[in-house]
Amino acid sequence: ADDPKVTDGDVVINEISPAQGEDWIELYNDSDVTVDLTNFRIYDDATRKYTLPSGTTIAPRGFLVLIC
């Protein structure tokens with residue numbers, strides 16, 4: 001049997017909080033497998049880029065909050 005695969009749209013931005021002083025983004029994994037986000041990038045302009053570190057994962061049906 002084939003292993004389950006992650007497809008486009010399985011990891012989505014679920015919520016954004018543009019609070020003063022501590023912005024955050026919540027990602028949601030809508031798949032049945034753990035998703036490895038190593039080296040994925042999040043940015044809102046050319047000067048504010050963030051690359052997710054090695055080992056960053058989201059469990060199946062799980063959430064990940066990134067503090068910006």
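This is a predicted model: local features need pLDDT of at least 70, side-chain atom pairs count only at pLDDT 80 or more; totals for chains, interfaces and linings use all residues.
Guide: Two strands pair if DSSP finds at least two bridges between them.

Visitor: What makes E1 and E2 a pair, and in which sense do they run?

Guide: Six bridges join E1 to E2, and the cut-off is at least two, so the two strands count as paired. They run antiparallel. E1 and E2 also form a hairpin, with six residues between them. Gly-21, in the turn, has a positive phi of about 95°.

Visitor: How do you know that E2 pairs with E7, and how many bridges are there?

Guide: DSSP must find at least two bridges, and E2 and E7 have five, in the antiparallel sense, so this is a pair as well. One of the bridge partners is Leu-66 in E7, which faces Ile-25 in the bridge list.

Visitor: What makes a set of residues the largest nonpolar core here, and which residues belong to it?

Guide: The members must be buried, of nonpolar type, and joined through side-chain atoms within 4.5 Å. Eight residues form the largest such set: Ile-25, Leu-27, Val-35, Leu-37, Leu-52, Ile-58, Leu-64 and Leu-66. Strands E2 (24-29) and E7 (63-67) each give two or more of them.

Visitor: Which residues does Leu-27 contact beyond its neighbours within four places in sequence?

Guide: Among them are Val-11, Val-12, Ile-13, Leu-37, Ile-58, Phe-63, Leu-64 and Leu-66. Contact here means heavy atoms within 4.5 Å.

Visitor: How many residues line the largest pocket, and which are the closest to its centre?

Guide: The pocket holds about 360 Å³ of space. It is lined by 15 residues, and Ile-25, Ile-42, Tyr-43, Arg-48 and Cys-68 are the closest to its centre. E1 (11-17), E2, E4 (41-43), E5 (49-51) and E7 each give two or more residues to the lining.

Visitor: How many helices and strands does the chain have?

Guide: The chain has zero helices and seven strands.

Conventions
Residues are numbered from 1 along each chain as its sequence is written. Side-chain values use heavy atoms; hydrogens and water are left out. Buried means under 20% relative accessible area, exposed over 50%, partly exposed in between (1.4 Å probe, protein chains only). Helices (H or I, at least four residues) and strands (E, at least two) are DSSP runs, numbered from the N terminus. On a 1 Å grid over the protein atoms alone, a cavity is a set of points where a 1.4 Å probe fits but cannot get out, and a pocket is an open set with protein on both sides within 12 Å along at least five of seven lines; lining residues have an atom within 4 Å of a point. Grid points are joined across faces, edges and corners, and a volume is the space filled by probe spheres set on the points.
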